[in-house]
Amino acid sequence: MSLCGLYQCAVICAMLAVCGSATYVQGQDRAPQYFQSDIRYGAQIFASQCTSCHGENGDVIPGVNFRAGQFKRVISDNDLRLTITNGVPGTAMQPFTFGASELTGIVSYLRNMSSFKANGQMVGDPARGRALFEGAGNCATCHAVNGKGPASLPT
């Protein structure tokens, strides 16, 4: 490889290193979407393994409120995984040995706790749903809800 090629390689590697660390620091490793099955699975694990210390709503530990998205040492999903796996030295947070799918479930649940109901359903935004039904979704052209839409078609 020529000196010019080595220089270009070094520049590219440096750029990737800088971009990669900036991504981690800003906590951008979060999934763009968490799957409902992972959230439900995580809720089950949380209920059986975490509520005794963190409480059902994740707000028993001072300075921590999972439902509100408030963590002491966590920014990214990777931070959550590491905290769960390694525990927090000097605190009651012990290390846990979970498989990859269990960790994915717990992280998914913690990130969606504020919008997840215990019965496994996500909490919706009624105003947004109504706007979508009556507006851009064009749902009211075929479906009726609360007297809106064609009465002759099933909902």
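Helices are DSSP runs of H or I with at least four residues, numbered from the N terminus. Their axes are lines fitted to C-alpha atoms over the stretch in contact, and angles run from 0 to 180 degrees between N-to-C directions.

This is a predicted model: local features need pLDDT of at least 70, side-chain atom pairs count only at pLDDT 80 or more, and totals for chains, interfaces and linings use all residues. Residues are numbered from 1 along each chain as its sequence is written, and side-chain values use heavy atoms, with hydrogens and water left out.

**Two helices**

Helix α4 covers residues 77–86, and helix α5 covers residues 100–112. They pack at an angle of about 120 degrees, and their axes are 10 Å apart. That makes α4 oblique to α5. Angles under 35 degrees count as roughly parallel, over 145 as roughly antiparallel, 65 to 115 as roughly perpendicular and the rest as oblique. The crossing of α4 and α5 is right-handed (the near helix is turned clockwise from the far one by less than a right angle).

Which residues make the contact (heavy atoms within 4.5 Å)? From α4 come D77, L80, R81, I84 and T85. From α5 come L103, I106, V107, L110 and R111. These residues divide into 6 nonpolar, 1 polar and 3 charged. Here Ala, Val, Leu, Ile, Met, Phe, Trp, Tyr, Cys and Pro count as nonpolar, Asp, Glu, Lys and Arg as charged, and the others, Gly among them, as polar.

**Aromatic pairs**

Rings of Phe, Tyr and Trp (its six-membered ring) pair if their centres lie within 6.5 Å; planes under 30 degrees apart count as stacked, over 60 as edge-to-face and the rest as tilted. The count comes to 5 aromatic pairs. Two of them are set out here.

| Pair | Centre to centre | Angle between planes | Type |
|---|---|---|---|
| F46 and F66 | 6.0 Å | 80 degrees | edge-to-face |
| F96 and F98 | 5.6 Å | 10 degrees | stacked |

F46 lies in helix α2 (residues 36–49), and F66 in the loop between α3 (51–54) and α4, so the pair ties together parts that are 20 residues apart in sequence. Both F46 and F66 are buried. Buried means under 20% relative accessible area, exposed over 50%, and partly exposed in between (1.4 Å probe, protein chains only). F96 is buried at 17% relative accessibility, and F98 is buried at 16%. One aromatic cluster is formed by F46, F66, F71, Y109 and F116.

**A loop glycine**

G99 sits in the loop between α4 and α5. At 31% relative accessibility, G99 is partly exposed. G99 and T85 are 14 residues apart in sequence, and 9.7 Å apart in space, C-alpha to C-alpha.

Terms used:
Contact = heavy atoms within 4.5 Å.
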